[in-house]
Amino acid sequence: MLPDPLTPQPLGRPSGTGPTTARLGPLRVVTAGGHPTPAPWTARLIAQGDDRCLVVLLLLDGVADVEQDGRETRLRPGGIVLCDSARPSRITFHQPSRTASLVLPRQLAGLRETDLRRLTATPVGADTPLGSLLPPLLARLADTAAACPPDTGEALARSVVDLLTVLIEDRRAGAAAAEPTAAQAWLPRIRAHIDRHLTDPELSPEAIAAAHQISVRYLHRLFQAEGTTVGRWTQRRRLQECRRELARRDAADRTVAAVARRWGFTNATHFSRVFRAAYGMSPGEWRDSVLPKPATAAPAGDGREVPRAAAA
C-alpha cells in the first residue's frame, strides 16, 4: 500500500509543511521537500497514486538518488530525471532537499513503453537542450503555476507539452542509438575517468560516482557485473602503472616509495604487499630483474680499476 501522498514525513518541506500541487490544464506541478528517511519516495507517490503518468523531476536543493528500470543516478541541484509512475522506483534523499516535478499523463508525451524504459533514471546533462531548458522552466512553473488563470494555464500547458514532446523525442532517439546496455554505456567513461585520476590519492568510489552523477551503489553494481569492484579495478590500474615506471631506465633514480606515491599509494608497506600479491615479487625485485646491471670494473695493469670495455 502506497503512503498517503499528503503525509508530511516522506513528502514534506524541511520546515515540515506538505507538498503543494498546482494544475495547468492536464499537467500538475508538484513542489515538495524531502528529508533523509528510511522510506524512499516513489514516482507514483509524486504522481499522487496515479500509475499512468510521466514524472519530470527537478532537484532544487540537496542530494538525491533516483532508481528505476535497473539504473540509478545521483541528482544535485539543477539535476533532472524522467520517471514512470507505473513501475517500481526509488527516490532517496541524503540531506534536506526540495524538488519541483512536472506530472503529465503518459499519452501526452507520445512515448511507447520501450522508449520510456530507455529514458527513466538517466541523468539529463546540462549541456543538452533538455537539460538547459527544463530547470529554469520547471523552477518558474513551481513559483507561478498556482496563480495562473485557468485559460492561461491551459495555453501554457499546451506549450509545455509541445516543448517536452520535442525534447523527449530528441532524447529518445539518442537513447535508441546508444549502446545496448547501461553497463556498456557507463563503464568506458568511468574507466577513462579513473585512468585520468590515478595519481590522485583522494580518488574513491564516492568521488567517481559524483563525477558521473550516479550513486555509489549503482557504480558498484556496474563493476560487479564485470566480476570485480571499483576499488580492485583502480588498484590494478595503479599497480600496472607502477610496474611500468619501475621498469623504465629514466626512472631508475626514483625510490620505490616515490613511484608508489606518484600513482596514488599513500602507504609504502601496503603497496609492497599488494604488488607482491599481484606479481609474485617485491617492487625492488621486479626493478632489479628488468633494469640492466651497471658494468663491473676490471683491474688495470697498474692496480687501478677501469671499466671492462676499456680493459678489453
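Predicted model: local features only at pLDDT ≥ 70, side-chain atom pairs only at ≥ 80, totals over all residues.
1. **Asp-84 and its setting.** Asp-84 belongs to strand E6, which spans residues 80-84. With a relative accessibility of 0%, Asp-84 counts as buried, because the cut-off for that label is under 20%.

2. **Polar partners of Asp-84.** Two of them may interest you. The side chains of Asp-84 and Arg-87 are joined by a polar contact of 2.5 Å. A polar atom of the Asp-84 side chain also lies 3.1 Å from the backbone nitrogen of Ala-86.

3. **Neighbours from further along the sequence.** Leaving aside residues up to four places away in sequence, Asp-84 touches Ala-43, Cys-53, Gln-68, Arg-106, Glu-113, Leu-116 and Thr-120.

4. **Cysteines.** How many disulfides does the structure hold? The count is zero.

5. **Helices H9 and H11.** Helix H9 (residues 230-246) packs against helix H11 (residues 268-279) at an angle of about 90 degrees, and their axes are 11 Å apart. H9 is therefore roughly perpendicular to H11. On the H9 side, the contact is made by Gln-235, Leu-239, Gln-240, Cys-242, Arg-243 and Leu-246. H11 contributes His-270, Phe-271, Val-274, Phe-275, Ala-278 and Tyr-279. Sorted by class, the contact between H9 and H11 has eight nonpolar, three polar and one charged residues.

Definitions and conventions
Residues numbered from 1 in each chain as written. Heavy atoms only, no water. Axes fitted to C-alpha atoms, helices over the stretch in contact; angles between N-to-C directions. Helix = DSSP H or I, 4+ residues; strand = E, 2+ residues; numbered from the N terminus. Parallel < 35°, antiparallel > 145°, perpendicular 65-115°, else oblique. Contact = heavy atoms within 4.5 Å. Nonpolar A, V, L, I, M, F, W, Y, C, P; charged D, E, K, R; others polar. Disulfide = S-S within 2.5 Å. Buried < 20%, exposed > 50% of the residue type's maximum accessible area, 1.4 Å probe, protein only. Polar contact = N/O pair within 3.5 Å; in protein donor to acceptor, adjacent residues only side chain to side chain.
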